[in-house]
Every structure is written in structure tokens, then in C-alpha cells.
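Please look over the sequence and the model before reading on.

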Protein chains: 2
Amino acid sequence: MALVCKACFPNHCARAAPTRYRVTYTIDFEPIGIRLLCEDPLTVSAAARQAGLSLRTVCGGKGIQAERSLLSEEQLADGWRLACRTTVSADVSVYVPATSLTESQVIQLAGRASHVESCPVVDVLPVTTASPSLADPAADLGRVADALRREHDVGAARVDLPALRSLCKALREGEWRVSVALRGDEIVAAYPGSLPRALGLAVDVGTTKLACYLVDLETGQTIAAKGVMNPQIAYGEDVMSRLEATMVAQENAAQMQQAVIEAINATANELCASQGLATEYILDVCMVGNTAMHHLMLNLPVRPLALSPFVPALSAPLDARAWQIGLSTAPGAHVYLPPPIAGFVGSDHLAFLLAAGFGQDDRTRLGIDIGTNTEIAVQAGGQIVSCSTASGPAFEGAHIRHGMRAAPGAVERVCIAEDGRVDCDVIGDRPAAGICGSGILDALAEMRRVGIINERGRITKGMPGVRCGDNELPTFLLTNRSDARRDITISQEDIDQVLLAKGAIRAGIEILMDYLGVTGPDIDELLIAGAFGTYLDPVKATCIGLLPDVPLARVHAVGNAAGDGARMMLASTHVRRRAADLARRIGYLELAIYPGFNKYLVRGVRLPPL
Amino acid sequence: MALVCKACFPNHCARAAPTRYRVTYTIDFEPIGIRLLCEDPLTVSAAARQAGLSLRTVCGGKGIQAERSLLSEEQLADGWRLACRTTVSADVSVYVPATSLTESQVIQLAGRASHVESCPVVDVLPVTTASPSLADPAADLGRVADALRREHDVGAARVDLPALRSLCKALREGEWRVSVALRGDEIVAAYPGSLPRALGLAVDVGTTKLACYLVDLETGQTIAAKGVMNPQIAYGEDVMSRLEATMVAQENAAQMQQAVIEAINATANELCASQGLATEYILDVCMVGNTAMHHLMLNLPVRPLALSPFVPALSAPLDARAWQIGLSTAPGAHVYLPPPIAGFVGSDHLAFLLAAGFGQDDRTRLGIDIGTNTEIAVQAGGQIVSCSTASGPAFEGAHIRHGMRAAPGAVERVCIAEDGRVDCDVIGDRPAAGICGSGILDALAEMRRVGIINERGRITKGMPGVRCGDNELPTFLLTNRSDARRDITISQEDIDQVLLAKGAIRAGIEILMDYLGVTGPDIDELLIAGAFGTYLDPVKATCIGLLPDVPLARVHAVGNAAGDGARMMLASTHVRRRAADLARRIGYLELAIYPGFNKYLVRGVRLPPL
């Protein structure tokens, strides 16, 4: 839960210019000044997560407390609400008191200067040049370079063609007063008169979702954010099926590249329009993603990524022209792509580790980003190692008979009483339609606790709620409805799937820990990134042995930390250097050839003793 | 005339792979090793000029000596021919003895090392990398960078996306042995195994013609050359009409850009194919042209070039990606565009001055490139100044009643006897169809010599060959045929046009000379660039006052010196730096506002006293 104040419906902020994209409604987080564009109804806490804002929650944003038990009548009358209990679906301003922000967020927002001091790659400098005449017919570029030297003591030595074209136009439109965007000694854009706002765009290109953040480059603050689906999903749900799609037909690669860039452009355009700005003010871009997303968005060959030994085209930072990959930005803007670590450990993982403080002190850390591939990193004794493990989509609800994504209708929390009575929480308070990853994990932990399954995950026949037909593997009934076809059950196969996924993850964790000689109690911080991490109950996760034995207070869900890292790198050249250093420091362990991997896996699949 | 040996028809050289472009025939110049691709019949001396080869001629390549008067029976039997008297139209090998090369050419070709030592911007280095495995899944780029450091002690820090794509492909095709093209610390291409030949392309983009030279980057030698029409001619014959075309319809600019690049690509492809090579081996490009051509090929805004004060977008060297402007080259090749000097003094003029030795010693030099706009530069006392003068197209045969380009049927030489009998030389030895620039200049000089025109260019009525109807300005009859409609005449208006052109040029020359305090006899070298310069008779040009009084031995036609300069800059980074230094040193004088310009013009128009 989190405290939310004075939600005014609808808000009276100046609305953005209408765009050609569908904007259902906007949420303005005050006094932070982030605007989130939304299409579907959301709880305020979910919206905050999308906006990259960490709210201090006890319930994990799951809305398990009632407002009346935590807020006084006076507070309620004054407009205070719980973020996890308030669903919005129309324009709204939300005031977030500093006490509701997590510590790191408070530091980041209130005292950001001490956290990531904004030091953008691009500076904007106003100059006034003499207007040309027959007596002074010097070239446009030289004229501006002279003014930059004279007025700002900076040298401009380079310019890309599209930026030069914009410079010529701006000089005449601005009647020889222009704002020049300078990236080192390179002019990347020029604007007549003064530039309304220097913008940057950070994007976390996920396999499923794109998280786009519009950042004020001067302050480093996020001013608008939006998450949209990755349209590449049309070519396959997961990374491997997309890589296969390019191998089936080469043109699919170019089409996927276009699709993702178009989605980013549309979202950037929306975000800019919501502030009355234009994408041509975007002077810098930072994009992170797993290595396959990274390669696909650059149209780099991915065949080697799909086949053993899974070699990426590069594992260095890449600096390309934004226009070169089709991004709508300032004419000469660059796009910065932080280095992938390996074929299956991408720059999104690097961004997560960066945001989580890896490489900056001597603390012992374990970082996990759970997905179809789960990336894991451990820092200990001055070393950092990472690995990737093919955990499969079970935690995303796939390959599970009644599995579904964490959407309305999904069972997300399960309690089993000693007598076998099952109590389920369903997202959106409606009849259960399926079960999502955190629900399955909960169910497993509860089934183990009350003894419905044993250490190897076998369902014990005859226990309450266990069904078993002839020649059939047993099944556990979660919800019992009049219409039996709509019963939500967990089968032995489901449990095996989940245990395989958890085994793969735990094996990766154990290998990295053993490699660095770390045990559970040594770990100062266990950081779980991503949406799944946010919904994960660390007690249950430890109970089924997904996580090693780490004191609960040291377990933190860090939300979209990859997006945070991307924004940090966007905001500061220093952070980019730090990220490149970090990337070089991170060792990569290939689990497939790690001695004794199978033993780790078998051990990982097993449930801990009660 | 020039000596030409052992012309073997047809040649037995290995023919190039067939291309999709029309190649009528090829001329191989031996032992120099330049292959010229031709479509129309040419004299060997004209072909040599197109190939950028300066032959030592007395007649100026005009074929006024008979072969039998200069070559012995034995020589003729042995296959020796005069270059100016031998027209070729089929595949041929031409052996050029060193004695037939001009001094500078001999130096350039025989001892080029001492002249322009080849020092290309791009190096090609072979490397062998370990093939990847699960134990060594390092990225392609890092693998190659390591090998470069290990095997060649060079660092590769940067790579453009298309080059990275080619690197990934080459590594696998070459089974981890590749040739890497490195431009400083940037990888611009990679080839499986070894690269057949590292190529460079130099282009002189003229308003009328494109001269393309294929250069071996390792030796710096030209290996094939071809001149083609600039297809932009469809948008206007001269620079101004093309600039106007972009102002009438903006899309014309992009179309003109495409047209010229397509023509260059087609020609480069032909040149490569003639050597059994491919354009993907072109690792570097240097293009020169007047400022309008420069801007049009980059699609830079040209409106400011068309209107006073004629401001270019830039007057700095520009380094762009070849693919960025549509050139077919190695994937990451750059294109180098030397700096234009001013709106009407382009990088072709800079290239000419560079090739002519401006800025390299203290000699007093006058350099002229005559065209619709004539660019002039004077070097004296450590200073170099340049100007451009609107001389109009009279010297190209335009705006002259019977004017035509220097093509078969054009009167190119005129002699008038004291009795008024006129003797004309016609290009291609056929009935006269018109008169070209050098013919007009000749005619004027002769008319002045025998007194048919006075100091102000007025035709004296009653002189032999002068016709004058009632109320008509007089006309001078050049050729008298039975069919009077096909008579070639020179009218008073024609003379006025030519004198205006010559006046503009002479005014420019005088202003620059006065500005630097130089008189005719001070000039150590008077260099005339371009085709017109080659055909110009310096005696006649001095006689009508086009050129100042400079001892004849100091007047040199330097042919396509802009193409020479482009090739020099292509071949050597040192020369590029020298060119950039030279460009900074060249002052530009705007004649339109030069004090007393009109007086200079009036004086320039007048013919010198006899």
C-alpha cells in the first residue's frame, strides 16, 4: 500500500496537443512531474510502476489491506487513497507524499543531484551569428562554429548531413539566432531561437513490452512514460521463436526491426505530444534489451545467436545515428546501446545491475531477472559473474494447463488451510479465469506446506482437493465452481513444469554462488527485477527453494530496474562510462558446460525439506 | 602530337566480366596500366585526357601535324602513331613511351612515390580469429578486435552498423579468417579470406560531365577511368538553372541527388567490372565539384547558393558515409568531400590548385578554370586569393548564333589571310556545322589582327568577308557554301557576347593581380584547367586580351586538374590535410563589391592595341 493524496478527477493541467495516436487518459504524478499515458484501467500502484516510480509498499502493491483500516475518515475525506486499492481510468493528478516513495526513489527524485547527477551527452547552446552579406559570405556552418567559439568557447568540428540541413534551415527561420545541440564537438541539431526543452528518450525493449521514458536532459528527470506491447510478438511470443522467424525468412528480420522502431516512434510521439513538445527535440536516446532484442532492433544477424555457441555480433557499447535505425528524433541525434554481456545476457541485465549498484561497492549481491530466460548475477569479493538459464515460460503462465498472464481474472495468491480449504485472490476481483506465475508459486508453496506435495513435487493421492482418475496423474483443485469445465486446477504436469523452471533458476544461482564461494547468509542484497519480482512473495519463493536462504529484509523487488538503468545512462556520460566498465568486469559463465551442471539442476528441482 | 606505339587492334588482354552496362570498347594505356572505358570514337590524345593522362603535345592535341612529317616509314611500320591523329573505336592497347608523358605526369607515374606517396586513409589487414565455442562465446567484434591487436598491434574501437553486419558474415564465410578494412580505429568492412584489391574512387562532378577514376589504394595508381554525362542536365544545362529547378519544386533536389549518384554508381560498377572486381571493394571515395554540385550531391539546401550573398552550407571538409548518400561501396566506406571555398568557388577549384602546386612554394601563379562561371586564383608573396566571375556560356558555344560544343563539325581553328581568305579547321574533317569556343576565340584574334574589328570589337564595314544588310549590324562570313542558309558567320552580337565573357574573366584576373600587386611578367606559371584550356591557343588568347601578358612558355594547359587533385586526396591522408590547409589559406574576393569592378570590366572587354 501507499498513500495517495488529493486525486482530482479530471485534472486541469494544460492538455497536450491532440495526436494521431489513441490516448485514453493520463496520470500526472505530483510533485515529481511524471506523466504516464495509459490505455487500460490501472491501480495507482501499477501505474506508478509503469512510470518507473517505486512506491513504498508493504503489500507489494497487491491491495490486501482495506483503506478504512489504514486511513482515517478525515484522510479519506481529504482525498487520500491507497495506491494499491485505487483504480483509475480517466485523467487524474496524483500527489505522492515523499514518505510514500522508497528510499532510493526519494534519493533519486528529491536529491537526484547526489544520486545520478545529470550530465547529458548533448548540450544546447544559444548563439547569435552575424547575418551574411556580400562582404561576409561565410558558410553557415563556419558562421555557427565561430559563434560557438566566441560565445561559449567550445569547438564544433563535426556535423552529420541531416543536422547540417537543419542548421541551414534554423539559421534562416531564427534570423541568425539559433540554439545549437552539441554532442562533444559534433552539432546534432539546431533550432530557430530557443529550444523549448532538451529531451532524451530511454527505452527498455523487452520481448513482451516496450517501456518508454521521456526525460528532461537538463534535470535528468522523467517527464512522461508509457509501456506498450512489443509488436514483434506477431513473429513469436518468445525470443527463440523470433530468432527462428528470421531464419525461416530473412525479410522477417527487417520487418521486426521496423515494427519495434515504429512502436517506439509512435510512443515517443505520444509522450512528446502529451507535453506539447515534438520528437525533433529528442537529442539523445538510450535503448536496452536482451541480446536478441538488441540485435533485432539494429538488424544485426541473429542466426549465430540462435545456434550454439550463441555468439553475439558485438558485446561493446554501440553508438549509432538514430535516423540510421529509423528513430524519429532530432536530425543528428545518436542512439546509445549499452553493451550486451553475452548471447543470453543482454544490456537490459547490465542496466538492472547498474541501477542496483553492482560494481560500485563491495557488498555481496545477488540479482535475478526472471523470465523465459532468467539472467542471474552475483557480486562478491570484487568479482561479478553472470549467467543465463533457460527457465521456460512457466512463471509467465505458459505451458500450464490453466496458466495465464497476470491480467484480470488471474489467480495471483493462494492460501490453503490445514483442512484443505483453498482461498484464492483474483486480479480484478472477478471469477477466476486461470492462474498466473505468482499464483502458481503461491499454490506450490502452500501445497508443500500442508503436505499435498512431497519434496519431489509428487501430489499425494487422497489429500483434500486432490482428484485422480484411473491411469491419470493426480490434479489439485484450486477453485470449485458449479460448472466443472471452468474449474481451475493444478496438475502434476503443471507442478513438474514449474519445478523445472525453478530448478533451472536455482541451479544458476547456486553455480554462481559456489563459483564465488558465497552462501545465502553472505548475501547483503537479493534484488529481483521485473514485474514478476514485484508480485513475488519472497517467503513463498524461499519456501519452494526458488531463492536461497537470505534474510527476508535483504530481498528487494526493484521493478523495471532495466528502465531505471537506461534512464541513468541516458542522463549522464559518467554513468555510461561506469556501465561500460561494469560490462567489462562482468564475467559470463556458460552453464551448459559448467562442471556438474546436471547435479545442480537435479538438486534445484527438489523442494526444500519442511 | 604525341608518340604512340604498337597499337594492337583488338587487344588480347583478359576481358572483364560482362556487365549490365553498355561498354563499347576499352583502351589500355601501357605500361601505366590505366584502362579507359569509351562509348564513342576518340583520338588517342582525347582518350588520354579522359583517363587523366597528360601527353606532351605541341599541337595541343589538335592534330595539325601530319604523321608522315614526324614519323619515319620504319616507325610507322613498327606501329608508332601520333596520338592526336589516331582515332580509335574498338578495344586497343596503347603503349605510351615515357618521353611522351609531360614532365609532371612522368613524375606522377614513374616516380609517384616522390610526388604523392600513397598513404590511404584505409588499411586492409588480414586476421585469423579462434572459432567460437561454448567455452569461448566472445562476440564477433571483440574477437576481431583482439586479433587486430594481437597480430597487428592496432586498436579497433568503432564500427558502423553495415560494416558490423559484413563482419559477422565474412567471419563465417571465411571460416574465421578475414581481411579487415580499417579507417583509423574504425572497421569499415571485412571480407572472407583475402581482399583481391583495395579500391578507391575519385570523382570530379562537373556540371556537364562526371569524371570517375578507379584507384588502387595500395599503389595510389589509377587503374580505370571513364567520363560520363552528368544526368542532372535534364534539370538545366548550367548551375543556375539547376538551382532554380530546386526552388520551383523541392523534390527536384532529391531527384538530382539520386540521378548523379546513380550515374556514379553505374560508372563505378563498370570500372570495377572491367577489372574483374566489385564495387564492394571500394573502401574510400573522394568527390570534388563546384559548390552547387557539392551541395546537390549531398542534398544540402541550395536556395542560399542561388541568391545573393550566395552563402554555402559549409566550407569545411565533410566526411560522410558513402551509403548515406547512396553510393555503392564497401559497407562502411566513407566519402570525403574536400571543402568548397565559397558559393561560386568549389572544391573542384581547390583540387585544381592543389594539383597545380598552389600553396607548396613561393612561385607566383595564376590558375584559371574557364566555364560558365570562371574561377580564378592568384598566388603571390605567400598569399592566395580566388574569385569567380560570371563569364557566361559564350566560350562553350552558347548564345552564339552558330555556336556549338567542341564536337565533330565544329570550327575549332580559324586563319584569315591578309586578302580576307578564311581557312577553317573543322573537328572530324567534315563540313562545318558551327563554331566552338576555341574557334570563336581564334576568329576574334584573326579578325582583330587583319583589322576586320577595331579595339572595341566593332566590325568595320566594307572589309573583305563583311556583310551588312540595311539597318542591320554587320556580320563576318567564316565559310561560304553554295547553300547560303548553311553559311557559318560571326555577327556583331556574337562578338559582343564573347567580349563580355572575356571581359569578365580578364577583370577577375586583373583584380586578383592588382590585389596582390602582381603584373604579367611576375607570373611564373599560368595554368589553365579544363577541356577549354587544352584547346585554347595561348597566343590567340593573349592577343585578344583574355590572358595577361605572360611569356608563352609559362602558360600550361593542365587538363582535368580537378580530377588529378581528387585522386591525390583519395590516395593520401597527408594530401587531404594539405588540401584543408590550402583551403583555409585561400582568400575569396567578391568581385561584385570590389571597388572599381565596373572599370575593370569595361577595360577587360576592350581588345588590346595591335
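Predicted model: local features only at pLDDT ≥ 70, side-chain atom pairs only at ≥ 80, totals over all residues.

In which loop of chain A does A:His399 lie? A:His399 lies in the loop between β20 and β21 (410-416) of chain A.

## Backbone features

A:His399 is not a glycine, yet its phi is positive, at about 60 degrees. Most residues other than glycine have a negative phi, and most peptide bonds are trans.

A cis peptide bond is found from A:Ser308 to A:Pro309, with omega near 5 degrees. A:Pro309 belongs to the loop between α11 (303-306) and β16 of chain A. In chain B, the bond that joins B:Ser308 and B:Pro309 is cis, and omega is about 5 degrees there. B:Pro309 is placed in the loop between α11 (303-306) and β16 (318-321) of chain B.

## A six-stranded sheet in chain A

Chain A contains an open sheet of six strands with mixed pairing, in the order β28-β27-β18-β19-β20-β29. Its edge strands, β28 (555-559) and β29 (586-588) of chain A, each pair on one side only. On average, and with direction ignored, neighbouring strands of this sheet are turned by 20 degrees against each other.

Strands of a sheet pair through backbone hydrogen bonds, either parallel or antiparallel. Within this sheet, strand β18 (residues 365-369) of chain A and strand β19 (residues 373-380) of chain A are paired in the antiparallel sense, over five bridges. In this pairing, A:Ile368 stands opposite A:Ile376 in β19(A). Helix α14 (residues 492-516) of chain A packs on the sheet, where the helix touches β18, β19 and β20 (383-390) of chain A. The direction of α14 makes about 20 degrees with that of β19(A).

## Side chains of two aspartates

A:Asp537 is located in the loop between α15 (530-535) and α16 (538-543) of chain A. A polar atom of the A:Asp537 side chain lies 2.9 Å from the backbone nitrogen of A:Val539. When residues up to four places away in sequence are not counted, A:Asp537 touches A:Arg413 and A:Asp442.

A:Asp146 forms a salt bridge with A:Arg149, and the closest N and O atoms of the pair are 2.9 Å apart. Both residues lie in helix α6 of chain A, three residues apart, which is about one turn of the helix. Over all chains, the structure holds 59 salt bridges.

## The interface of chains A and B

In the interface, 39 residues of chain A are in contact with 39 residues of chain B. The area buried between the two chains is about 3100 Å², and carbon and sulfur atoms give 74% of this area. Twelve residue pairs in polar contact are found across it, with both residues at pLDDT 80 or more.

On the side of chain A that touches chain B, α6 (140-152), α7 (161-173) and β16 (318-321) of chain A each supply at least two residues. Of the elements of chain A, α7(A) gives the most to this side, with six residues. The residues of this side of chain A comprise 29 nonpolar, five polar and five charged.

Note on methods:
Residues numbered from 1 in each chain as written. Chains lettered and ligands numbered in written order. Heavy atoms only, no water. Contact = heavy atoms within 4.5 Å. Buried area = accessible area lost by both parts, 1.4 Å probe. Polar contact = N/O pair within 3.5 Å; in protein donor to acceptor, adjacent residues only side chain to side chain. Helix = DSSP H or I, 4+ residues; strand = E, 2+ residues; numbered from the N terminus. Nonpolar A, V, L, I, M, F, W, Y, C, P; charged D, E, K, R; others polar. Pairing = 2+ DSSP bridges. Axes fitted to C-alpha atoms, helices over the stretch in contact; angles between N-to-C directions. Salt bridge = Lys/Arg side-chain N within 4 Å of Asp/Glu carboxyl O.
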